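Student: I have a model open and would like to learn how to read it. Where do we begin?

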Amino acid sequence: MSRRYDVAVLGLGAMGSAALYQLAKRGAAVIGLDRFAPPHVLGSSHGETRITRQAVGEGADYVPFVTASHRIWRALEAETGETLLNACGALVMAPGHGVSSHHGKPDFVGRSISAAEGAGIVHEVLDGAEVARRFPQFLNLAGDEKAYYEPGGGYVFPERCLAAQLGRAGAAGAEIRTNCAVVGLQQDGGGVRIEMAEGTILADRAVVAAGAWTAPLLGSPFDRLLTVRRQLLHWYALADETAYGPHAPVFIWMYGTSDTEYLYGFPPLDGSIKVATEQYSTSTSADGVERRVDPSESDAMYRLRVASRLAGATPEVVQAAACVYTVTPDRGFIIDRHPAMERVLVVSACSGHGFKHSAGIGEAVAAELAGTGGMVDLTPFALARFR
């Protein structure tokens, strides 16, 4: 039995590393536990880049998280000398007529515009002709597209963000144990008992940010609320980068009516372009997911989504990777106390759109546990909405 901690953070991916950092900054006696050694490629926080956009079409409730994240990443850049955030601009585009949806939200472009207007976020609304003029990398536009452009959006480097937060957490006094799997936890009187193969630790409170491992660890009700989905990332060689120019944005391009008729991608890096889509039809598990990407999967992605839409992209696959989304029924977040253990705060699942919010969520979690709260209204992320 080691010393007792104020807070134990279980899982040190996007949410856990952010929470650990913010708690350590506040002077809490904290320990962070992870079954692997983050940053790693076995969860949801890898893949070189992640899109960030401040006016999120998923809902205005998320905006405080992402704006706080941008502030925190810039502060971490100043402290560490690392580049964490590239504000290259973000373009969200959908057909100009008919129905389109993204992350379960219809009229995602319109929702993004409304969020920007409500929060005073600098943005532009573009039509298909203006998109084609300014961004010639996008091919075969119909011409009547409706697009939201946010110059302050862009992408973050997830592995660097995790490493920076864990490094600063350690410097502030946090204890970090990696390659250490938690096999159980229970509320024990005035604290939480956390069981590992290596032994037991006690903490006044615990934060569970275990991503795809959350349901197996916590059981009900999370085992019926959380579904793990395998997602693929592909990098294709570019024959010519001319069309992209120096101001290429990240993009989310909805070209059909369903949540899966779209692709997203990033500006060229090292002669290749990273693109991906999402699937919600096949479930998997954290330990059972197929991590190898079959070449046929990259071939299909290129043929069906990339070849006719992105200038210069070739079928040559530079690399490919699999990650996992842990998805709730409404594709929103869960940030709430465990219904049977009020000293356990569950953070995640984030349904595939969480990384841009993670640093801000870590700050909000630290404030919540410190009893100062009020930074962000966490009510929209409560478990009660599923009852």
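**Reading the fold**

Tutor: Begin with the record. UniProt, in an unreviewed entry, places the feature "domain: FAD dependent oxidoreductase" at residues 6–367. Keep in mind that this is a predicted model.

Student: How far apart are the end C-alpha atoms of residues 6–367, and how much of the span is helix and strand?

Tutor: The end C-alpha atoms lie 14 Å apart. The span is 26% helix and 32% strand.

Student: How many helices and strands are there in the protein?

Tutor: The protein has nine helices and 22 strands.

Student: What does the radius of gyration say about a chain of 387 residues?

Tutor: Compare it with the globule rule. A compact globule with 387 residues would have a radius of gyration near 21 Å. The protein has 21 Å, so the two agree. The C-alpha atoms fill a box of roughly 65 × 45 × 45 Å along the principal axes.

Student: What share of the residues is buried?

Tutor: Buried residues make up 57% of the 387. The protein exposes about 14700 Å², and carbon and sulfur atoms supply 49% of that area.

Student: And which share of the contacts joins residues 24 or more positions apart?

Tutor: Take the contacts with a separation of 6 or more. Residues 24 or more positions apart account for 76% of them.

Student: Now a strand. How do side chains sit along one?

Tutor: In a regular strand, side chains alternate between the two faces of the sheet. Look at strand E2, residues 30–33. Val30 and Gly32 point one way, Ile31 and Leu33 the other way. All four are buried.

Student: In which sense does E2 pair with strand E1?

Tutor: E1 is residues 5–10, and its pairing with E2 is parallel, over four bridges.

Student: Which unit do E1, helix H1 and E2 make?

Tutor: Trace the path from E1 over H1, residues 14–25, to E2. The three make a right-handed β-α-β unit.

Student: What does E2 do with strand E11?

Tutor: E11 covers residues 175–177 and pairs with E2 in the parallel sense, over three bridges. Here Ile31 stands opposite Glu175.

Student: Where can I find antiparallel pairing, and in what strand order?

Tutor: Go to the open sheet of three strands, in the order E3-E10-E4. Its edge strands are E3 (50–52) and E4 (85–86), each pairing on one side only. E3 and E10, residues 154–156, are antiparallel over three bridges. Arg50 has Val156 as its bridge partner in E10.

Student: Next, the backbone angles. What should I expect of phi and of the peptide bond?

Tutor: Most residues other than glycine have a negative phi, and most peptide bonds are trans. Now look for the exceptions. A cis peptide bond joins Pro38 and Pro39, with omega about -5 degrees. Pro39 lies in the loop between E2 and E3.

Student: Which bond with omega of about 10 degrees is cis?

Tutor: The bond between Ser348 and Ala349. Ala349 sits in the loop between strand E22 (341–347) and helix H9 (358–370). Ser348 is placed in the loop between E22 and H9 too. Ser348 also has a positive phi, about 105 degrees, although it is not a glycine.

Student: Is Ser348 buried or exposed?

Tutor: Buried means under 20% relative accessible area. Ser348 has 9%, so it is buried. Leaving aside neighbours within four places in sequence, Ser348 is in contact with Gly211 and Ile334.

Student: Where does Ile334 lie?

Tutor: In the loop between E20 and E21. Its relative accessibility is 0%, so Ile334 counts as buried. Beyond four places in sequence, its contacts include Phe222, Leu226, Val346, Ser348 and Phe381. For a distance check, take Tyr255: it is 79 residues from Ile334 in sequence and 29 Å away in space, C-alpha to C-alpha.

Student: What is the phi of Arg331?

Tutor: Arg331 has a positive phi of about 60 degrees, although it is not a glycine. Look for it in the loop between strand E20 (313–327) and strand E21 (335–338).

Methods: Residues numbered from 1 in each chain as written. Predicted model: local features only at pLDDT ≥ 70, side-chain atom pairs only at ≥ 80, totals over all residues. Heavy atoms only, no water. Buried < 20%, exposed > 50% of the residue type's maximum accessible area, 1.4 Å probe, protein only. Helix = DSSP H or I, 4+ residues; strand = E, 2+ residues; numbered from the N terminus. Pairing = 2+ DSSP bridges. Right-handed = clockwise from strand over helix to strand, strands pointing away. Rg over C-alpha atoms; globule rule 2.2 N^0.38 Å. Contact = heavy atoms within 4.5 Å. Areas by Shrake-Rupley, 256 points an atom, 1.4 Å probe, with all protein chains shown as cover. UniProt positions renumbered as here; feature names shortened; annotations may be inferred.
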